[in-house]
Amino acid sequence: MALRVLVIGGGLMGAAAAWRLSVRGHHVTVLERFGPGHDRGSSHGTSRIFRLAYAEPSYTELALRALPLWRRLEEESGQSVLTLTGAVDHGLPRAVDRLADVLAKAGRSARRLSPGEVADRWPGLRADTAALYHPDAGRVHADDAVSALLKAAGRRGAEVRHGVRVTGIRHTGATGRIGRAGHTEGQVTVVTDADEALSADAVVVAVGGWAPGLLPAVVTGLPPMRVTQEQPVHFPVPDALDWPSFVHHPGAGWDVPGGLYGLGSVDGVKIGLHGVGPVVDPDRRDRTPDPAAVDRLRAYAQEWLPGVAGVEPVPLTCLYTTTPDGDFVIDRQGPVTVLAGCSGHGFKFGPAIGDLAADLVEGRPGAPRFALGRVPPAR
Ligand SMILES: Cc1cc2nc3c(=O)[nH]c(=O)nc-3n(C[C@H](O)[C@H](O)[C@H](O)COP(=O)(O)OP(=O)(O)OC[C@H]3O[C@@H](n4cnc5c(N)ncnc54)[C@H](O)[C@@H]3O)c2cc1C
């Protein structure tokens with residue numbers, strides 16, 4: 001049965017949910033508070049890493065589910081979004097071995113490279129330990145991916161409304177009354193900043209860093225989430241698009257918790273430290289770049305990235321919404337499906353997460369790893 005579904009948030013997660021729900025024939029309306037392509041949340045910019053290599057096999061499975069869906073999205077939207085360049089992991093041998101093990105068990109190809117082989121193949125990169133290369137990795141163009149998802153959803157009938165902020169969500173229960181649009185009034189009512197009350201059978205809440213503000217009034221068991229302002233930089237070099245994506249795992253003489261990631265993009269070679277930014281209120285954050293954070297990345301590049309030597313980095317800011325265990329929240333309570341806590345690594349899985357959201361809306365169970373209530377409340 002086709003359901004009426006409101007999707008709150010038009011970033012990556014909301015857009016992906018809208019597409020997958022529309023593919024399944026549901027009547028979808030997306031409500032996004034800002035304009036198309038805005039840069040106040042987590043999904044803007046020109047690049048995100050796509051990779052299969054994860055220490056936790058269920059994420060490798062999720063990336064494998066996402067890969068053909070990214071390709072299907074490209075066919076439907078006519079927009080190229082995913083470019084496979086391969087990925088290089090280096091640093092702490094234990095971490096790299098674990099990735100090799102997970103990829104081997106998933107039957108995916110991967111190859112060990114010596115530091116010399118890394119330098120021969122990508123002279124811009126330096127490794128001082130054995131590295132792991134896997135080819136099923138690369139970059140997703142973030143802005144193009146979000147617009148392709150919304151476009152593909154729109155072509156299948158979804159309505160996408162920008163500039164609409166949701167101020168409240170109410171469980172209303174099925175009333176059997178006939179609403180203004182001629183439908184039976186649904187299970188849930190969403191109120192907007194223009195005092196509009198929209199009724200639907202289900203709502204998907206995908207509001208990124210705004211989740212801790214909006215969701216506790218609507219669902220229980222939401223894990224605590226740290227909303228931080230992260231600050232990667234781009235080094236604009238002419239050969240940026242030839243670079244692989246890469247992760248430098250901390251340990252073995254190089255130590256920044258969370259590690260460092262990088263990849264090529266149309267804006268240059270992007271690098272960032274994972275999850276080190278200050279806690280912020282997404283409505284009141286200072287989006288001016290922190291010079292100390294830029295210095296740290298410049299110093300890293302001097303030591304480890306000969307290919308960007310002497311190039312001045314250009315900073316940008318973006319939000320992480322991080323759960324205590326780093327796992328996402330993809331779960332449903334009554335008519336409310338929650339997509340939250342993407343913990344700085346959710347983009348690559350976008351269409352697969354959209355598919356999981358559609359499963360939940362249709363009443364299929366979610367995975368315990370992503371459940372609401374999995375983190376015991378603080379005493
Ligand atoms: C610097 C950085 C680098 C990253 N690198 C990678 C990477 O390489 N690979 C990877 O896989 N992932 C990466 N990520 C993570 C990935 O980008 C995020 O997981 C993903 O974009 C989260 O999308 P979202 O839809 O949850 O959040 P958002 O993009 O923030 O979307 C939430 C949307 O909800 C809207 N909204 C909020 N409140 C309301 C309301 N009340 N009413 C209506 N609309 C509302 C917001 O305006 C926003 O558009 C990175 C993230 C950052 C910040």
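1. Start with the shell around the ligand. Helix H1 (12-23) and strands E2 (27-32), E3 (48-50) and E20 (318-322) each supply at least two of its residues. Helices (H or I, at least four residues) and strands (E, at least two) are DSSP runs, numbered from the N terminus. E20 gives the most, with three residues.

2. This is a predicted model: local features need pLDDT of at least 70, side-chain atom pairs count only at pLDDT 80 or more, and totals for chains, interfaces and linings use all residues. Residues are numbered from 1 along each chain as its sequence is written, and side-chain values use heavy atoms, with hydrogens and water left out.

3. How many residues surround the ligand? The count is 33, and the closest are Glu32, His38, Ser43, Ile49 and Cys318. The shell has 18 nonpolar, ten polar and five charged residues. Here Ala, Val, Leu, Ile, Met, Phe, Trp, Tyr, Cys and Pro count as nonpolar, Asp, Glu, Lys and Arg as charged, and the others, Gly among them, as polar.

4. The ligand lies between two domains, because domain 1 (1-53 + 141-222 + 324-372) and domain 2 (87-135 + 226-322) both give residues to the shell. Domain bounds come from an automatic or database domain assignment.

5. Look at Ser343, in the loop between strand E22 (336-340) and helix H8 (350-361). Its phi is near 50 degrees, a positive value in a residue other than glycine. Ser343 is buried, at 4% relative accessibility (buried means under 20% relative accessible area, with a 1.4 Å probe and protein chains only).

Definitions and conventions. A residue is near a molecule or strand if one of its heavy atoms lies within 4 Å of it. Buried means under 20% relative accessible area, exposed over 50%, partly exposed in between (1.4 Å probe, protein chains only).
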